[in-house]
Amino acid sequence: MGAPLNDVHIKTDAPSTLFLDKHADYIASYSAKKDDYEYCMTEYLRMSGVYWGLTAMDLTGSLTRMDRESILEFMRHCQHDCGGIGASQGHDPHLLYTLSAVQILTLFDSLNTIDLEKVVEYIRSLQQKDGSFAGDKWGEVDTRFSFCAAATLALLGRLDAISMEEAVTFVLSCMNFDGGFGCRPGSESHAGQVYCCVGFLSIVGRLHLVNADLLGWWLCERQLPSGGLNGRPEKLPDVCYSWWVLASLRMLGRLCWIDSKRLRAFILACQDEETGGFADRPGDVVDLFHTLFGLAGLSLLGETQLKPVNPVLCLPEETLQRLGLHLQLLN
């Protein structure tokens with residue numbers, strides 16, 4: 001009998017061990033193939049791609065393999081006069097890529113590479129009257145951007161720059177009857193938005209305002225018979241939710257509510273044992289996005305070959321310790 005329509009089947013010969021060196025080789029080679037079709041076609045999210053690759057390399061202990069100076073030079077060209085940072089040179093600034101850039105600079109301990117005061121001013125300019133944040137000058141509002149704003153400012157030590165009470169009120173207005181969060185008030189609960197809202201509340205020290213048991217139950221129901229996690233009911237499992245769901249459960253102190261053994265088997269089955277890298281599901285094509293969140297999920301599950309990852313900011317714990325940054329987690 002095959003897997004249910006909303007699940008996948010794990011083959012008996014699927015990978016069951018972590019191919020650490022191959023994943024590092026995959027990321028290092030990806031960044032070197034700048035003429036490849038895939039590399040060229042992902043320019044619109046290049047900054048986040050650099051963050052995904054560098055963080056994955058750091059978790060594997062291989063960050064020194066990356067060309068630090070060329071990456072920092074790229075960063076300098078992506079900041080605009082308004083202070084915001086774009087996905088690549090010549091691309092409009094956006095909060096998503098501004099956070100990725102600050103995360104990258106934090107990994108390299110090189111925050112002074114860009115004009116940080118302008119970054120703070122850019123983020124402040126995007127807060128709306130109701131406390132929400134637009135992602136850029138075009139005005140789309142989403143709880144993802146509340147998280148991006150808070151995470152970036154936390155890394156810069158400048159949470160004082162925004163109207164905090166209004167920001168918290170907006171995020172709490174996006175909480176649903178099931179304990180989850182949507183992108184705006186009244187929107188469907190989604191594991192990605194849950195991570196953003198729980199992460200935001202952790203950063204600003206308001207995590208106690210979440211119903212941890214109710215939300216923890218909704219999150220643990222995301223696990224399917226294959227062991228994988230989905231983002232909302234009736235959807236297929238995806239390795240990236242090994243991060244969004246698992247990190248949220250870790251912040252809420254409910255990580256033990258899922259079957260970690262089955263989840264670990266699902267994540268490992270999504271590796272390409274020839275090229276390295278992780279795919280969204282077993283047998284699919286690997287990419288940087290799922291490689292980072294596959295590794296980060298395994299780190300949260302206690303994989304000893306990887307550095308411990310912070311569940312709020314998806315950076316190595318040692319990086320945040322260097323900054324002296326402590327974020328609220330529930331027991």
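**Figure 1. Helices of the predicted model.** Helices are counted here as DSSP runs of H or I that are at least four residues long, and strands as runs of E of at least two. On that basis the protein, shown as a predicted model, has 14 helices and zero strands, so that its pattern along the sequence reads α-α-α-α-α-α-α-α-α-α-α-α-α-α. The radius of gyration is 19 Å, close to the 20 Å that the globule rule gives for 331 residues, and the protein is therefore as compact as a globular protein of that length.

Figure 2. The C-alpha trace spans about 55 × 50 × 35 Å along its principal axes, and 60% of the 331 residues count as buried. Among contacts with a separation of 6 or more, 68% are made by residues 24 or more positions apart.

**Figure 3. Helices and residue classes in the lining of the second largest pocket.** Two or more lining residues come from each of helix 3 (46–59), helix 5 (95–107), helix 7 (143–156), helix 9 (191–203), helix 11 (241–252) and helix 13 (288–300), with helix 5 giving the largest share, five residues. Sorted by class, the lining holds 18 nonpolar, six polar and one charged residues.

Technical notes
Residues numbered from 1 in each chain as written. Predicted model: local features only at pLDDT ≥ 70, side-chain atom pairs only at ≥ 80, totals over all residues. Heavy atoms only, no water. Nonpolar A, V, L, I, M, F, W, Y, C, P; charged D, E, K, R; others polar. Rg over C-alpha atoms; globule rule 2.2 N^0.38 Å. Buried < 20%, exposed > 50% of the residue type's maximum accessible area, 1.4 Å probe, protein only. Contact = heavy atoms within 4.5 Å.
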